[in-house]
Structures are given as structure tokens and as C-alpha cells.
Amino acid sequence: SSGINAEWPLRPGIVNISPYLKQMCMVSASKLMHLLEAFSTPWFLFANHTNYHLVFFLLEIFNNIIQYQFDGNAHLMYSIIRKRHVFHQLSNLPEDPTTVSKPHKKRGEQDNEEQLFSNEEWVPTR
């Protein structure tokens, strides 16, 4: 495939510099946690067979910061503790095929409903 892979920006950039991040501000820590929260939802993880790579790279970033720069990253530690439910949900992901397919189907149905609603509301009729 000629397109750039979705995980490409995370791997060389942030993952490689993460062991050297001495102090992360609260906004950056919150944004990283928000990415993990979004990427670890079942409907996103199971939507594509490579989406789990994004979660893997984010976990690698957190691991590097905790392992090498724990002292200066209190904001990240606070964000991780505050959003610990994300890690609990990630550790309790469904494994059976029927449960795995349900979130993806529900999300697809919801998108279709939203699309129909927004078309009716925003498309002018003549």
C-alpha cells in the first residue's frame, strides 16, 4: 500500500523520544491519556486488524516515561491514576467473536442514524 500507516507518526517520533521526556505539562499528559482512551475502545480496536498497534505504541510511551523519567512527570502519573478505568477496560476486553462484533455493528448503526439525521437537518430542500 502506498499510503502512510496510521501508527507511523507515533513510532519514530514520540515513542523514540519518550524515555527522554523529563517533564510533561498537564495538557500534554491529558492529551496522551485521551488518545489512549479513544484508541482502546472496543469499537475502534476491532474495527481494523492493525488498530491495536496504536494502543501498543501509547502503552510503550507510558512505560518509557514511567521507567526512565518518573520523577519529573507527576502530571502524567496523575492522569494515569485519574483515568485508571481505561486500563481496567483494556485489560478486560472481550475475546469471543460475537461480543467483539457487537460494538462495531452498534457504532456503524449509530453513524448511519447520525448521518441521516444530519442530512435531513442541514441539506436544504428546494
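Colleague: How do I read "buried" here, by what relative accessible area?

Modeller: Buried means under 20% relative accessible area, exposed means over 50%, and partly exposed lies in between (1.4 Å probe, protein chains only). Phe 39 and Phe 44 are both buried. This is a predicted model: local features need pLDDT of at least 70, side-chain atom pairs count only at pLDDT 80 or more, and totals for chains, interfaces and linings use all residues. Residues are numbered from 1 along each chain as its sequence is written, and side-chain values use heavy atoms, without hydrogens and water.

Colleague: How many aromatic pairs are there?

Modeller: Rings of Phe, Tyr and Trp (its six-membered ring) pair if their centres lie within 6.5 Å. Planes under 30 degrees apart are stacked, over 60 edge-to-face, and the rest tilted. The count here is 4 aromatic pairs. One of them, Phe 39 with Phe 44, is stacked, at 5.1 Å centre to centre and 20° between the planes. Trp 43 and Phe 44 pair edge-to-face, at 6.2 Å and 90°. Phe 39, Trp 43 and Phe 44 form one aromatic cluster.

Colleague: Why does Trp 43 count as partly exposed?

Modeller: Because its relative accessibility is 33%. Phe 44 has 17%, so Phe 44 is buried.

Colleague: Where does Asn 51 lie, and what does it touch?

Modeller: Helices are DSSP runs (H or I, at least four residues), numbered from the N terminus. Asn 51 lies in the loop between helix H3 (42–45) and H4. Contact means heavy atoms within 4.5 Å. Not counting residues up to four places away in sequence, Asn 51 touches Phe 44 and Leu 45. Asn 51 is buried, at 9% relative accessibility.

Definitions and conventions
Helix = DSSP H or I, 4+ residues; strand = E, 2+ residues; numbered from the N terminus.
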